[in-house]
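Subject: Structure handover

Hello,

Please find the structure below. My notes on what was found in it follow.

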Amino acid sequence: MLYINIQLKMIKKIFLSISLLFGVSAFAQQGTASPYSFYGIGDINNNGTNEYRAMAGTSVYTDSIHINLQNPASFGKLKLTTFALGATAKYYDFTSGGESDKSQRQSLDYLTLGFPIADKVGVVFGLQPYSNIGYKTNTTTSNESNQLFANTFNGSGGINKTFLGIGYEINSRLQIGIDASYYFGHTDNTTAVQMIDNGSGVSLLTSTNEIRRIDYKGFGLRMAVQYAGQIKGFDYQTNLTYSPETKLTADNLTRLDVVNLTNGYIIDRKETVNASERITNPQVYSLGAGLGKNLKWFVSAQFTYTENSKLKNSWNSSQYSSFEDSKRFSVGGFYIPKYNSFTSYFDRIVYRAGLRYENTGLVLNNQSINDFGVTAGFGFPVGRNFTNLNLGVEYGQRGTTSKNLVRENYFNITIGLSFNDFWFKKRRFE
């Protein structure tokens with residue numbers, strides 16, 4: 001009992017320290033550079049941990065040493081205390097109207113701790129960015145009086161979530177689980193307009209800035225069931241997850257500033273909006289199935305349906321934008337040459353790959369914005385307690401250059417650590 005109490009105190013200290021660090025970073029970071037993140041509540045994070053992200057985000061496969069954030073039913077299979085965290089470096093190449101630009105971002109993706117609290121019962125909790133906004137674009141417009149305007153659009157912030165889930169292993173084949181999330185965070189959107197030519201070649205030294213801050217909060221829920229078995233000498237796994245529709249409170253505070261560009265002083269300030277709205281966090285269905293050989297290889301396919309058409313009431317929208325229901329198709333898997341090899345380290349490395357395609361649910365100028373990606377990764381064993389280092393890459397393309405839109409090519413490098421140990425079992429020898 002003394003040993004368990006010491007371990008519990010250690011867990012609390014570790015998690016509290018890193019949670020505080022992660023919380024500060026999560027609020028400060030820009031997890032995306034995409035101009036499409038302006039719409040709705042930003043770019044939604046659907047990936048889970050790096051192990052599953054390297055398999056195109058498929059979350060069908062579960063085992064006893066990895067945390068599967070997309071499938072709470074898997075928590076009941078945990079046999080070791082597992083602490084996981086991950087980060088991503090993102091590189092963008094934008095093309096629109098014959099012009100191109102580049103950008104890059106770095107982000108923390110998740111911080112989570114899972115452990116078995118009883119026989120066949122596992123608990124997972126942690127912190128994770130749920131959505132990200134991060135864009136900066138410049139355009140030039142004119143009117144009928146030949147006046148020329150420089151427009152700058154800038155956005156940052158996002159929504160984070162803290163979550164707690166529990167899974168129960170009914171038997172070796174069937175598991176069920178549920179997790180609950182609390183969403184919090186804010187976004188900042190600034191539109192600055194300066195007249196650079198009044199029609200006579202004279203520019204104004206003032207800028208009119210619309211500054212909108214939206215604070216979000218609300219709750220979410222996800223339920224899952226997982227089933228595994230054998231057929232003709234192969235191992236198979238299937239799962240079904242469902243997140244019901246919930247509401248987020250969005251508090252909008254918008255003001256209009258007239259700024260003197262020579263000294264930065266605010267000449268005039270006016271509050272234009274101070275209101276609260278309940279927006280929809282849409283329901284999500286996901287169904288997946290896979291086949292393989294235990295501790296050797298596994299291939300799975302997954303379909304995810306999100307009722308994004310309910311997002312139309314968001315504060316961040318325009319007359320040219322709308323939303324439709326989203327469909328995501330993913331295929332991914334892994335291969336291990338020989339998991340228990342004593343002679344070759346490379347035979348114990350996990351090799352992962354995947355492919356995905358989705359319509360994101362965003363529609364601009366009557367054009368659906370689609371996203372396609374290819375992933376690959378490696379899981380490197382570290383030490384003797386099933387700890388592993390996971391590296392991954394992802395290349396994808398979103399959007400199109402037709403109808404004056406933006407095509408973005410992106411390349412992501414991910415790194416994740418998964419620490420495993422028997423924290424809740426007393427050792428015979430110290």
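How many salt bridges does the count come to? The count comes to 19 salt bridges, where a salt bridge is a side-chain nitrogen of Lys or Arg within 4 Å of a carboxyl oxygen of Asp or Glu.

Before the details, a word on the model. It is predicted, so local features need pLDDT of at least 70 and side-chain atom pairs count only at pLDDT 80 or more, while totals for chains, interfaces and linings use all residues. Residues are numbered from 1 along each chain as its sequence is written, and side-chain values use heavy atoms, with hydrogens and water left out.

Salt bridges

One of the salt bridges joins Asp-179 to Arg-222, with the closest N and O atoms 3.3 Å apart. Asp-179 belongs to strand E7 and Arg-222 to strand E8, so this pair ties together parts that are 43 residues apart in sequence. Strands (E, at least two residues) are DSSP runs numbered from the N terminus, as are helices (H or I, at least four). Asp-179 counts as buried at 4% relative accessibility, and Arg-222 is buried with a relative accessible area of 14%. Buried means under 20% relative accessible area, exposed means over 50%, and partly exposed is in between (1.4 Å probe, protein chains only).

Lys-217 forms a salt bridge with Asp-251, and here the closest N and O atoms are 3.2 Å apart. This pair links distant parts of the chain, since Lys-217 is in strand E8 and Asp-251 in strand E10 (residues 246-260), 34 residues apart. Lys-217 is partly exposed at 38% relative accessibility, and Asp-251 is partly exposed with a relative accessible area of 26%.

Glu-307 and Lys-310 also meet in a salt bridge, at 3.9 Å from N to O. Glu-307 is buried, at 15% relative accessible area, whereas Lys-310 is partly exposed, at 30%.

Strand pairing

Strands E17 (residues 367-382) and E18 (residues 387-399) run antiparallel and are joined by 12 bridges; two strands pair if DSSP finds at least two bridges between them. Phe-380 stands opposite Leu-389 in E18. The hairpin of E17 and E18 has 4 residues between the strands, and Gly-383 there takes a positive phi near 75°. E18 also pairs with strand E19 (residues 407-421), in the antiparallel sense and over 12 bridges. Ile-415 in E19 is the bridge partner of Leu-391.

Surface patch

A nonpolar patch on the surface is formed by Tyr-168, Ile-170, Ile-176, Val-225, Leu-240 and Leu-287, with about 480 Å² of accessible area together. Accessible areas come from the Shrake-Rupley method with a 1.4 Å probe, and for residues only the protein chains shown count as cover. Patches are made of residues with over 30% relative accessible area and no salt bridge; like charges are joined within 9 Å, and nonpolar side chains (Val, Leu, Ile, Met, Phe, Trp, Tyr) within 5 Å. Leu-287 is found in strand E12 (residues 284-293) and is exposed, with a relative accessible area of 53%.

Strand E2

Asp-93 is found in strand E2 and is partly exposed, with a relative accessible area of 25%. Asp-93 and Ser-344 are 251 residues apart in sequence and 39 Å apart in space, C-alpha to C-alpha.

Regards
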